[in-house]
Amino acid sequence: MRIGAQLKHTVIPLSLMLLCPPFAMLMAYTGTQLHGSFAGLLSFLKEEGFLKGVWHIWSPVFFGTKSAWLIIGTFALTQLLFIKLLRGPRNEGPETATGFIPVYKANGRASFFLTVALYWLFSFKLKWFSPAILYDHFVEIIGALNFTVLVFCLVLYFKGRFFPSSNDTVVTGNFIYDYWRGTELYPSVCGWNVKHFTNSRFGMMAWLLIIISFAAKQDELHGITDGMFISLALQVWYISQFFWWETGYFRTMDIQHDRAGFIIIWGTMVWVPAIYTSPSLYLVHHPLTLGWVPAGIIFIIGAFSILAKNLSNRQRLRVRETNGNTAVWGKPPRIIRAKYVNSKGEQKENILLASGYWGVARHFHYAGEILGALCWSIPALFSGFYPYFYVTYLTILLVHRVNRDDRKCSLKYGIYWDEYRKLVPWKILPGVY
Ligand code: NDP
């Protein structure tokens with residue numbers, strides 16, 4: 001039991017925190033310098049020696065470069081200003097166990113459009129910088145982000161310990177675990193909700209601009225291919241949907257459950273820009289052509305998968321918001337009124353939806369998420385593993401997440417969750433998992 005706890009709270013977090021930052025660097029380096037060849041990377045590391053090889057790649061950009069800092073600084077400042085200055089209705093997130101209600105300004109759509117418009121204006125139109133700028137400085141950017149965000153997580157750890165923004169703070173006393181999981185659920189700095197900025201406005205918006213820049217680079221080198229075009233279009237569709245319903249994101253596990261530590265903060269500010277963009281990065285140097293008919297079919301399947309995922313998220317939120325007084329796929333919803341006790345000992349109730357998407361499987365939306373990602377990776381035509389790393393990782397992540405959520409809900413709702421499990425036995429896809 002003690003060994004199990006040590007593993008879970010110290011050994012695994014420490015190993016992952018030591019492995020992931022260099023891995024993000026290697027992915028950026030492999031994508032840009034070795035054209036996505038893991039074989040090339042392995043032979044380089046074999047020749048140099050593993051640690052020396054990693055250091056050789058990482059050390060020139062360990063603290064970033066002037067250009068990388070300028071790019072990141074301008075981008076971060078713009079996004080921070082957008083959160084504060086753009087108009088949007090007040091949105092209240094779900095109440096926490098201690099009774100705290102996070103408040104947001106719902107201006108995600110305006111930020112999305114304005115970010116794309118400004119990038120287009122200053123690069124494509126006014127030519128102040130090349131639209132491929134993020135490709136040209138990619139390794140430096142990931143280097144700078146790695147360093148800054150690791151330090152930022154340390155600042156957040158101490159902030160949670162000594163200046164918490166709300167009572168939803170957990171300090172176990174195990175520094176490694178607290179740094180890894182974070183101490184605060186809703187840290188805020190100068191009125192900015194930290195996770196709103198890091199997860200949504202930084203991570204998701206960086207993903208958007210980076211893949212636009214990668215497409216511009218392919219265009220500059222080879223002319224844009226139909227494969228790059230649909231891969232970009234699907235990802236832009238995915239990200240635009242995210243910002244269209246950004247308020248729904250405030251009700252997901254990332255925000256409601258995960259504290260602001262390495263997993264979430266480093267994950268969204270470094271892992272997302274370095275790894276989620278890798279299918280597009282691969283295509284920069286692999287201008288493969290699909291033909292417009294196959295490309296169109298892949299696009300349609302991907303677009304519907306992403307749409308289904310979003311409709312599913314919205315369906316459960318709508319049923320809760322209307323207290324079940326709404327139609328689900330044209331019929332009254334099948335619901336369970338699940339009772340639970342919060343940390344203050346108060347009796348509460350939540351609706352569990354057991355029809356519509358939530359009647360097909362308990363996390364059917366994860367199937368849409370995975371299929372969408374597969375569709376925007378297919379244009380690499382299985383010519384290497386690099387462009388499929390993301391969808392493989394995503395599948396493992398979501399299978400793990402389903403079980404994590406199952407445990408969380410089982411603890412929270414007890415017999416009501418058992419009842420839901422009986423009604424909806426499949427986890428992600430009926431007949432498969
Ligand atoms: P989910 O949207 O799956 O929400 C899980 C929560 O919903 C549960 O903890 C529970 O919360 C509530 N819930 C569970 N079952 C029901 C039900 N039957 N009816 C009503 N409410 C229910 O959370 P995620 O954060 O995992 O996913 C959010 C989105 O983000 C998804 O679209 C997912 O695909 C995407 N995602 C993307 C990732 C990526 O890296 N690309 C990674 C992870 C997620 P409560 O306590 O409120 O009852």
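**Pocket, ligand and a helix**

Mentor: Bearing in mind that this is a predicted model, the lining of the second largest pocket holds 18 nonpolar and 5 polar residues, with no charged residues.

Trainee: How much space lies in that second largest pocket?

Mentor: About 580 Å³ of space lies in the second largest pocket, and of the 23 residues that line this pocket, I71, T74, F75, Y119 and F129 are the closest to its centre.

Trainee: And which helix gives the most to that lining?

Mentor: Helix 4 gives the most, with 9 residues, while the elements that give two or more residues to the lining are helix 4 (66-85), helix 5 (108-125), helix 6 (133-136), helix 7 (138-162) and helix 9 (194-222).

Trainee: OK, over to the ligand: which residues come nearest?

Mentor: There are 29 residues around the ligand, and those that come nearest are Y276, Y366, E369, D405 and Y413.

Trainee: What about the ligand's oxygen atoms, say with H365?

Mentor: An N or O atom in the side chain of H365 is 2.8 Å from an oxygen atom of the ligand. A polar side-chain atom of H363 lies 3.4 Å from a ligand oxygen atom, and for R316 the corresponding distance from a polar side-chain atom to an oxygen atom of the ligand is 3.3 Å.

Trainee: How much of the ligand does the protein bury?

Mentor: The protein buries 95% of the 920 Å² that the ligand exposes when taken alone.

Trainee: Last thing, what span does helix 15 reach?

Mentor: Helix 15, with 30 residues, reaches 42 Å from its first C-alpha to its last, which is close to the 44 Å expected at 1.5 Å a residue, and the helix is followed by N323, whose phi is positive, near 55 degrees.

Definitions and conventions:
Residues numbered from 1 in each chain as written. Predicted model: local features only at pLDDT ≥ 70, side-chain atom pairs only at ≥ 80, totals over all residues. Heavy atoms only, no water. Near = heavy atom within 4 Å. Polar contact = N/O pair within 3.5 Å; in protein donor to acceptor, adjacent residues only side chain to side chain. Areas by Shrake-Rupley, 256 points an atom, 1.4 Å probe, with all protein chains shown as cover. 1 Å grid on protein atoms, 1.4 Å probe; cavity = no way out; pocket = protein on both sides within 12 Å on 5 of 7 lines; lining within 4 Å. Points joined across faces, edges and corners; volume = space filled by probe spheres on them. Helix = DSSP H or I, 4+ residues; strand = E, 2+ residues; numbered from the N terminus. Nonpolar A, V, L, I, M, F, W, Y, C, P; charged D, E, K, R; others polar. Expected span 1.5 Å × (residues − 1).
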